[in-house]
Each structure stands twice: as C-alpha cells, then as structure tokens.
Amino acid sequence: MLTIADVIGELRSGMTIGIGGWGSRRKPMALVRALAAAGLTDLTIVSYGGPDVGLLIAAGAVRRVVTAFVSLDSIPLEPHFRLARQRRAIELTELDEGMLHWGLLAAAYRLPFLPMRAGLGSDVLRINPQLRPVRSPYADGEELVAVPALPLDAAFVHMNRADARGNGQYLGPDPYFDDLYCLAAAHAYVSCERLVPTAELLAAGPPQSLLINRAMVAGVVETPNGAHFTSCVPDYGRDETFQARYASAAASAADWAAFTADFLAGDEADYQTAVARFRAGAPA
Amino acid sequence: MTGAGAATVAEICVVACAEAWRGDGAILASPMGLIPALGARLAQLTFEPDLLLTDGEATLLAPADGQPPADGQPPGADRVSEGWLPYRGVFTMLAAGKRHVMMGASQLDQFGNQNISCIGDWARPKAQLLGVCGAPGSTVNHPVSYWIPRHSRRVLVDQVDMVSGVGYDRAAGLSGRAATFHELRQVVTNLAVLDFAGPDHSMRLRSVHPGVSVSDVAEATGFLLAAPYQVPETRLPSPAELALIREHLDPEGRREQEAG
C-alpha cells in the first residue's frame, strides 16, 4: 500500500515510463497528474496515447513519446501532443500498434526482439532507423522486422479493484495491455478505484478479470475516480464535458494557464473537489 | 425518417461500403467511421451474414436469430453478444489474416499508399495527425479498403507525406508473404467507388455515384485515374436496404453529416 506521493517519489528524470489503458480509456490519470506536477524532465513515455501523454507534455516532463497514436477517442487529435510535434518540442518514436504490443511482450519475456510482419513497406522503417530486419533461420527464409523490446523503468496501470498486496482486477470490456506494461517494467504501480479485501475480489467479477497478480507489482494506491476524465467502465464512463474543456483549454497558453490554475494546481484531492464543482455547474 | 424518397449520397455510400465486404464470409470487419460502420452492419444483416462485427469496443455482436429486426423493435434490442474481442484479440485476428478493415485516409495516392500520421515532413510536421495506428500491420496482413468522405485533390494526392498504410508499388518490392497478404480492395468516396485494377495495380474508377460525372472525379483527383471506356453508375440502395438504414441502423440520420 502506497500513497500517490510514495509512487512519484520512486521516479527520476530521464526514466522510461509505460502507461496502461488505451487512448482516453482507463488511464491512471491520478498518477499521471501527480507525475506532471512533480517537476521531473526528459521522460520517455511509452503509451497507446491519450490525455496521459498530453498532460505530461504540457507539464514539460517529456523528452520522447513512444506510441502508435495519441488520441482522445471522441476528440480524434490530442491537442498538446499535436502542438508539441508541430513545434518540435518532443521527440517521437512512431510505431505500428502491433509493434508496441510486441515490444512490450518482448520486454516482458526478456527477449531482445520479436519478429513481425508489420512495418514492411511502410515509412515506419524510414523514420525508425533503429528497427532492423531479421531473416527467418528456417527453410522459408522470410524477411521480417525485428521489433526491439521496450523495457520500462516504471509502469502505471489503473484497475477497477485491487487488494493491498497488488492483485488487480479490471471490470470493463478490455484489459488493453496492462499486464504487459507491468511485466515489461522494473517497477509497476497499480492505482485502483477501490481497494478491497482479497476475499472480496471475486464478488465483482470472474477469475479471468484478475488481470494483474502481485508478482507483477511493486505497489498499489487507491485513487477513487482516478482515471477521470478517461473512461473506467463499469465504475464510470468518460467525462466528455470535462474532456472537451481540457481539449479547448489547450488551444491557447492563457486558457491552459487558467485550466491549470482551476484543476491542476493542487493535489489529487483538490483536483477531485474542483471536478465535483465543475460537474455541479459552479465555477471551479 | 421513414418512407420513400431518393437515396442520399450518404446512403449510396453506406451501400457501397457494404459491398466492399461482399464475399468475405466469417472474418472480422473493422469499419473506421460511421458510414463504413453502417455499411458493415448492412452487409451483415443482408448478403454477408457471417461477418464478425464488434460494438466498437470488445464485444462481438450478431443479429439476433440471424434475422433482420421486426418492425418497431427498439434499436439495440435485436443484437446478441456472440464473442469477446479485446484489442489483443483484434491484433491476433489481424496477424492471422482473418480481418478486412476499412480505414480513413488523410492522404491516399495512386497505388493506395495511405497517410494518417502527419502532413508535411515527418521530422517537422505542418500538421500532426493521429499517428500510423495499425495501418502498417493491417496492410501487409489482410485486405484493406478505404473510406474518403470528401474526395478532393488534398486527399487523393500524387504522393503521400508519410506512408502509414502500404500501397501496391511498395508491396511489389516486398519479399516473403507480406506481398502475398497485401490486398487493397476498394476505395469508397462521396463521389465514386474505385479499386486497384488499373495498370500495375493503380487506382481505377469503378463506378460514379448518380449525378457525378467521370470528369468531376478526375477533377477532384490529384493523379491520373485509370477508367474503363464506360464507367457504370454506383448501384442504388434497394428499398429493403434503404428501410434498414433509415429505420433501423441510423434512425437519427447521423450519416448525413459524414458524407455529402
């Protein structure tokens, strides 16, 4: 059992950090918000990117993003990522979606690479000169791409439920790749909507919903509404109104400064209070 | 929305998208965009009942009893969950070749190279877009079609700025099974239906939508388009298809905002 501050205290500038979820779905936003506020720099972020990538870029914490896309789903383009790319403020390793999966799997399996067909013929190979071809040693001799492992210094994932020992449970439709992020990382941190006694985990879902086991995890932190404003079904859906506010605020420095003052100046409890006020229609 | 009335461009496009999956059988249809999604559902409800379709997330949905819905049945009540396909499962189906995706394209060239990554030089983009997503892997593993809601020289370009999805000229240079698995089927736009049956698998005009001329399409295309001597008209939705689209699949008429 850790606090948000405990988790952030384990991290250093220059680290490679993997973030679970997908786009604007089940992102460990409470940990991401705290990381954005921590003043670290030069991070490499590995993510099927959403507002996690955007918030960290806006905070000046990111040197490089490793991804296949950055999107808010219902709003196709992530505004901070977009601006940062157009201003050349970040470096980018742009991979096929399946390659990112393969890189995490290779890291989890402690392999140097895994072979794959994706990338052949596309400009992914042109913009990633580090990607090397590999030839099958068998009779077919097929040429493939050797997708290098993507080892992580740390990973964040957000679960619907977890116990204090680090067993994590997702209750929504898709596990995404959260187990692989954990296994690819030297230290994986699970945030959860609700911490429950181990004996109660199966009350919420079947055994196969227990995606994360405690051997994969360095620490657990309870962060209610901690995926906000991304979706965390069945606990809650995406907060589209708030996401639209986030996206429009990114359009100008002044609006973003106001958004930051309204929502991101304090700690997670302050954020949740400001969001509750926003939801009630009062000024944040 | 009930009743007669000539088919709109959006409705013609829905049927043209549905046609892209004709003959595919039991594979995963992955439509990107509303009109391709309506097309895939129409195909599943009519001439291609074996298609697999998700709810847009991880649940595979099939028409209840394999039948079109009865009149007056509320939307949503007439489909049943038949399987689970989270993203990791989609990636597996993709690599196994059991999938046909219809993607969008910010740029698409004569040989079907597609760009959804960025506009301008990748190292210093004028406009950052989504990123390559799954386009590189999809195009070398299984059939791919494209949906272009606004056919113009900005989209159908001489050369794309970044090859996300692989075209025929690039695929021809590949060794191994990638070249075998590569197959671009159709390009459906708001003006026409195209395929890659031109010289060297270049894009060819297959049909023009009613009211659109061949020169309209040529004018809106940034490269020389192959075309047969006589270009047929895109087929119109049947009355049964129109009823399914209007009364069942999209009673709110959201399709009209995506094409026109």
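User: How are helices and strands defined here?
Analyst: Helices (H or I, at least four residues) and strands (E, at least two) are DSSP runs, numbered from the N terminus. This is a predicted model: local features need pLDDT of at least 70, side-chain atom pairs count only at pLDDT 80 or more, and totals for chains, interfaces and linings use all residues. Residues are numbered from 1 along each chain as its sequence is written, while chains are lettered from A and ligands numbered from 1 in the order in which they are written.

User: Which strands of chain B does helix α1 lie across?
Analyst: Axes are lines fitted to C-alpha atoms, for helices over the stretch in contact; angles run from 0 to 180 degrees between N-to-C directions. Contact means C-beta atoms, placed from the backbone, within 7 Å. Helix α1 (residues 9–20) of chain B lies across β4, β9, β10 (183–189) and β11 (192–195). Its angle to β10(B) is about 175 degrees.

User: In what order do the strands of the open sheet in chain B run?
Analyst: Strands of a sheet pair through backbone hydrogen bonds, either parallel or antiparallel. Two strands pair if DSSP finds at least two bridges between them. Here 6 strands of chain B follow the order β1-β4-β9-β10-β11-β12, with mixed pairing. At the edges, β1 (28–31) and β12 (204–208) of chain B each pair on one side only.

User: In which sense do β4 and β9 of chain B pair?
Analyst: Parallel, over 3 bridges. B:Met103 has B:Tyr146 in β9(B) as its bridge partner.

User: How many residues does each chain bring to the contact?
Analyst: Chain B brings 35 residues and chain A 34 residues. On the side of chain B that touches chain A, α3(B) gives the largest share, 4 residues.

Conventions:
Two residues are in contact if their C-beta atoms, placed from the backbone, lie within 7 Å.
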